[in-house]
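Open the model in your viewer and keep the sequence panel beside it. The tour starts with the whole chain and then moves from one selection to the next.

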Amino acid sequence: MISRLIALLALVAVMLLGPVPARADEAREALSKYVAWRGGARFEALQSVHEIGRIRVGEVDGTFERWLGREGRLRENLSLGPLQLSEAVTAHSNWTTNASGQLEELGDHGQEDRRAIALAFADLVKPHAGMSYQLLGSEQLDGRSCTVVRLGFGGTDTYDLLLDAQTGELVGERITQDRATRLVRYADWRNISGVRMAFEQRVTHSNPDGDEIRQLSSVDINPVMNAMLFAPPAPKRSWAFAPGQHSTAWVPFEFFNNDQIFVAAIINGRATTLVLDSGADITVLDKVTANLIGAQLSGAVPVGGTGGQAMMQLAPHIDVQIGALELHDITAGVMDLSGIAQQLEHPLPLILGKEVFNQLIVDIDFPNRRIAFRERDQHAVPSGAVRVPLGRHGGNRTVPVSIEGRNAIQFDFDLGSNSPMTIYPFYRDRMQLLAGRRQSRGLSAGVGGMFRPIYATLKSISIGGLSVVDVPADFPDPADSTLNSDRMGGSIGLPVFSRFRLLTDYAQDAIWLVADPKAAAQPFPRNRAGIIAQPAGDRLKVLMVAPGSPAEQSAWKEGMEITAIDGHKIDAGYRNSATSHWATQPAGTRVSLTLADGSTKDIVLADYF
């Protein structure tokens with residue numbers, strides 16, 4: 001459950017030490033000392049473990065119960081305030097429940113979890129085919145000199161055991177999976193039926209707000225684990241349509257700035273709007289909205305995004321109504337979304353996450369700016385639709401994408417992203433995607449704050465055989481991205497999918513795309529000035545000047561203030577006016593900008609990345 005809890009809250013970690021090759025027999029000698037310290041033959045005979053205890057994550061206290069099996073089986077139940085989470089991992093089935101109690105498959109996390117689970121037993125620390133053993137040398141951990149042994153399985157994931165150099169005691173484990181690292185410290189070892197078991201386990205990440213502490217109250221050695229223990233619960237139906245209906249009618253949506261879907265909704269009886277985000281692992285309420293609807297808040301847990309880390313409270317029993325559809329008893333996160341709203345230049349009361357996608361057909365008709373939600377048996381595939389299979393990556397769904405004719409690789413499917421494409425650093429570097437391309441930098445907002453990715457243009461991408469050309473993409477630096485995955489190419493956002501009619505069918509692991517020739521022929525909007533500015537009353541304040549842009553060449557600086565564009569003054573209606581799109585006009589367009597001191601500066605728009 002450690003890895004799934006991290007995935008749920010989207011926590012981020014960093015890579016630590018790299019391997020220093022050494023003789024394999026020295027590594028095996030260190031591991032033999034460890035096995036002897038744990039209990040020798042009794043540890044080697046250990047088949048299963050049952051643990052009960054208390055857990056603290058962020059500012060939330062709770063309880064847990066966990067079963068571990070030698071063959072890599074796990075069942076865990078967590079109670080963290082309003083979060084009631086369960087997970088099971090076996091050789092044949094991997095499932096979890098999300099914050100709102102919906103049942104989900106674990107996908108590729110099952111294999112990762114099985115390897116981490118196996119560290120609790122002696123088998124993994126014995127030589128196996130397909131495994132590698134390296135002695136990395138010595139390292140200090142909490143003032144103790146430790147011998148570090150690295151176990152590998154042929155990929156990029158690594159499992160380091162930090163063993164007391166004198167006794168062989170397991171002081172800690174450093175586990176790196178999918179380029180995210182966590183360090184587990186062990187203490188309070190007790191002898192249980194001849195096997196040493198750690199009654200204190202502390203997990204740390206790069207963000208200390210996400211540190212996890214487990215205090216065990218009881219440990220049972222070699223309990224019988226019935227197969228039913230790993231059976232998934234009955235799926236929770238967290239939605240309902242109005243009596244006699246099996247779908248909503250078409251519901252109009254606001255396609256704000258052509259990159260966000262805003263839908264009218266009622267949240268706990270209060271009329272508002274929400275933004276639809278398939279990439280959100282949990283529905284998120286703005287704290288102002290939470291106060292207005294009287295949401296009962298508890299705890300604070302860490303959450304990570306493309307901009308870094310932030311803290312999120314939890315609010316259970318949230319009901320969301322869209323037309324004839326009601327989503328009920330959702331557990332939502334509560335955060336201050338004002339910074340993102342300011343960057344989007346649109347109020348952001350609620351982000352509706354994958355809870356609405358998990359069990360319903362979501363039909364988004366972009367050409368007609370309307371959306372419908374349907375039960376699966378009311379689903380009819382539109383004529384000419386192309387099926388694209390959905391994969392899984394942690395808590396996200398993924399689609400295969402080919403970039404400029406390369407072999408397809410999975411990309412996170414993210415309708416909440418206003419970037420057409422985000423390329424993760426690992427794939428960017430492996431494919432040398434930035435070599436020979438014109439580049440610049442921009443300014444983006446995400447959970448945790450602002451960041452400045454590299455901007456470049458991809459000549460073409462292909463999804464399900466459907467091509468999209470001249471696609472602007474952002475390339476975040478490793479330190480700025482919580483999803484620097486070595487399994488994924490990146491994420492693909494709403495501006496790409498808005499060129500199609502899109503239907504999602506998570507239950508059948510598919511989306512359907514219907515081509516829209518008119519939309520496909522339109523170029524992607526892009527900032528051709530290089531001025532990234534934010535409205536501030538009766539002016540725009542320049543937050544960034546993009547490198548290599550017309551603005552940089554015209555000596556624009558951060559902090560300058562614009563009061564009028566081609567004679568049109570900045571006012572309260574600027575955000576929704578045609579004037580707000582001045583920087584995305586065609587290359588060669590000359591724009592006259594009035595500064596706060598009354599002077600004017602002309603800028604000629606151009607493609608600079």
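Helices (H or I, at least four residues) and strands (E, at least two) are DSSP runs, numbered from the N terminus. On that basis the protein has 11 helices and 43 strands. The radius of gyration, taken over C-alpha atoms, is set against a globule rule of 2.2 Å times the number of residues to the power 0.38. The radius of gyration of the protein is 26 Å, close to the 25 Å from the rule for 609 residues, so the protein is as compact as a globular protein of that length.

This is a predicted model, in which local features need pLDDT of at least 70 and side-chain atom pairs count only at pLDDT 80 or more, while totals for chains, interfaces and linings use all residues. Residues are numbered from 1 along each chain as its sequence is written, and side-chain values use heavy atoms, with hydrogens and water left out.

**Whole chain**

Show the C-alpha trace. Along its principal axes it spans about 85 × 60 × 45 Å. Buried means under 20% relative accessible area, exposed over 50%, and partly exposed in between (1.4 Å probe, protein chains only). Of the 609 residues, 56% count as buried.

Switch to a surface. Accessible areas come from the Shrake-Rupley method with a 1.4 Å probe, and for residues only the protein chains shown count as cover. The protein exposes about 24200 Å², and carbon and sulfur atoms supply 50% of that area.

Contact means heavy atoms within 4.5 Å. Among contacts in the protein with a separation of 6 or more, 60% are between residues 24 or more positions apart.

**The cores**

A nonpolar core is a set of buried Ala, Val, Leu, Ile, Met, Phe, Trp, Tyr and Cys residues joined through side-chain atoms within 4.5 Å. Select Val149, Leu151, Leu161, Leu163, Met197 and Leu348: these have the most contacts inside the largest nonpolar core, which has 69 residues. A second, separate core of 68 residues includes Ala290, Ala315, Phe357 and Val399. In soluble globular proteins, nonpolar side chains tend to be buried together.

Return to Leu161 and show its surroundings. Leaving out residues up to four places away in sequence, Leu161 touches Leu31, Leu119, Val125, Thr147, Val148, Val149, Leu151, Leu170, Gly172 and Glu173.

**Asp157**

Next, select Asp157, in the loop between strand 8 (144–152) and strand 9 (158–164). Is Asp157 buried or exposed? Asp157 is buried, at a relative accessible area of 5%. Beyond four places in sequence, its contacts are Glu112, Arg115, Gly152, Thr176, Gln177, Asp178, Asp486 and Arg487. For scale, draw a distance from Asp157 to Val591: their C-alpha atoms are separated by 51 Å, and the two are 434 residues apart along the chain.

Select strand 11 (residues 180–192), where Asp188 is found. Asp188 has a positive phi of about 55° although it is not a glycine, and it is partly exposed, with a relative accessible area of 35%. Most residues other than glycine have a negative phi. Asn191 also lies in strand 11, and Asn191 is exposed at 57% relative accessible area.

Move to strand 12 (residues 195–204), which holds Arg202. Arg202 counts as partly exposed at 33% relative accessibility. Not counting residues up to four places away, Arg202 touches Leu183, Val184, Arg185, Glu212, Ile213 and Gln215.

Ile293 sits in the loop between helix 5 (287–292) and strand 19 (298–305), and counts as buried at 13% relative accessibility. Apart from neighbours within four places in sequence, Ile293 is in contact with Ile267, Asn268, Arg270, Leu285 and Ile318.

Arg369 is in the loop between strand 23 (361–365) and strand 24. Arg369 has a positive phi of about 55° without being a glycine, and is partly exposed at 33% relative accessible area.

Finish at Glu375, in the loop between strand 24 (370–374) and strand 25 (386–389). Glu375 is buried, with a relative accessible area of 11%. Which residues does Glu375 touch, not counting those up to four places away in sequence? They are Arg237, Trp239, Phe241, Gln245, His246, Leu360 and Ile361.
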